[in-house]
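This briefing looks at one helix, its surroundings and its packing against another helix.

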Amino acid sequence: MKQRIFSFVLIACLLLSAAGCRSGEASSSAADSGAPQTVELTDSNGHSAAAARDARVISLYGSFAEAWLLAGGTLVGATQDAVEERGLDLDDGTVIVGTVKTPDLEKILSLDPGLVILSADIAAQTELTGALTEAGIEWLAFRTDTFAEYKFMMQQFCSLTGRGDLFETNVTAVESRIDAILQKIPQGEADKPSVLLMRAFSTGVKAKKDDNLAGVILKKFGCRNIAEEHPSLLEELSVEQVIADDPDDIFVLTMGDESEALAYLQEHVLSAPAWNGLSAMRNERYYVLPKDLFHNKPNNRWDESYEYLAKILWPEVFGE
């Protein structure tokens, strides 16, 4: 009889102990859920924002919308270019809040966002920061003309989403492939070609330096960009100066409608008889660069942009 009573008491104690553990776990979970769930972030200009992990996020630039998704985030709003240029498959509930250059503040505010991601280089977007701050909405403005700038932005995004694994996949692994490309580039002075980089649009053509990702990569490769030596080319493309420098390779970026940009380039530049006398033209080293790798921000395809140019410049090393 005493043994049965002892067993009953022992079982009761075990049950009470287990219940106490579950109660403690529940209390701990409740405490965790009540803990601050915000992360301090910094943008390209040094502006800080305290964003909630579950913040409703809007991106006003398609490239940054893609980057936010690559970091494991979701969007309640995005601009038209996210669909038309980036081809993002947005959730049905994602609202289009205008275009890159004409974001709709009323629509943005109506979505009650906790964080708005802006382009630091587009005036129509940075002009919204005052209204967003007044409405109590956190915002961050980025630029990603270099891989380092893309990496910095993704550090901010992934720290908010908590997805270190996606940072490894979409940044660290990409950086490793870029490093492998740079290590294979010939280092002799004679191996560094001279280049002319042009940007063509429907009403003009200008030489470019390293204020764009193609120029950044060419500089990283050690190429001699003739616009660096002749800044006047940045304002007005002088065929005479280009002929005098006779670059080894000519690269063209296009803005806006590509067919219209190339038509203007053909009529106002390439039609000059002397142009065909350039070494680059005679040797068929004239290239129109693809917009997805050199006009749009490549994000997790930065290594492809590096490789694309490397194959053109050193086909004997990187293959055709």
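**Helix 9 and its packing**

The axes of helix 9 and helix 15 come within 10 Å of each other and cross at roughly 60°. The model is predicted.

**Crossing with helix 15**
- Angles of 65 to 115 degrees would count as roughly perpendicular and those under 35 degrees as roughly parallel; helix 9 and helix 15 are therefore oblique to each other.
- The crossing of helix 9 and helix 15 is right-handed.
- On the helix 9 side, the contact is made by L213, A214, I217, L218 and K220, which meet W302, S305, Y306, L309 and L313 of helix 15.
- The residues of this contact divide into 8 nonpolar, 1 polar and 1 charged.
- An α-helix has 3.6 residues a turn, so residues three or four places apart point the same way.

**Burial**
- The buried residues of helix 9 are L213, A214, G215, V216, I217 and L218.
- L213, A214, I217 and L218 are buried and also take part in the contact with helix 15.

**Ends of the helix**
- At the N-terminal end, N212 caps helix 9, with a side-chain oxygen 3.3 Å from the backbone nitrogen of A214.
- Helix 9 is followed by G222, which has a positive phi, near 85°.

Notes:
Residues numbered from 1 in each chain as written. Predicted model: local features only at pLDDT ≥ 70, side-chain atom pairs only at ≥ 80, totals over all residues. Heavy atoms only, no water. Buried < 20%, exposed > 50% of the residue type's maximum accessible area, 1.4 Å probe, protein only. Helix = DSSP H or I, 4+ residues; strand = E, 2+ residues; numbered from the N terminus. Polar contact = N/O pair within 3.5 Å; in protein donor to acceptor, adjacent residues only side chain to side chain. Axes fitted to C-alpha atoms, helices over the stretch in contact; angles between N-to-C directions. Parallel < 35°, antiparallel > 145°, perpendicular 65-115°, else oblique. Left-handed = near helix turned anticlockwise from the far one by under 90°. Contact = heavy atoms within 4.5 Å. Nonpolar A, V, L, I, M, F, W, Y, C, P; charged D, E, K, R; others polar.
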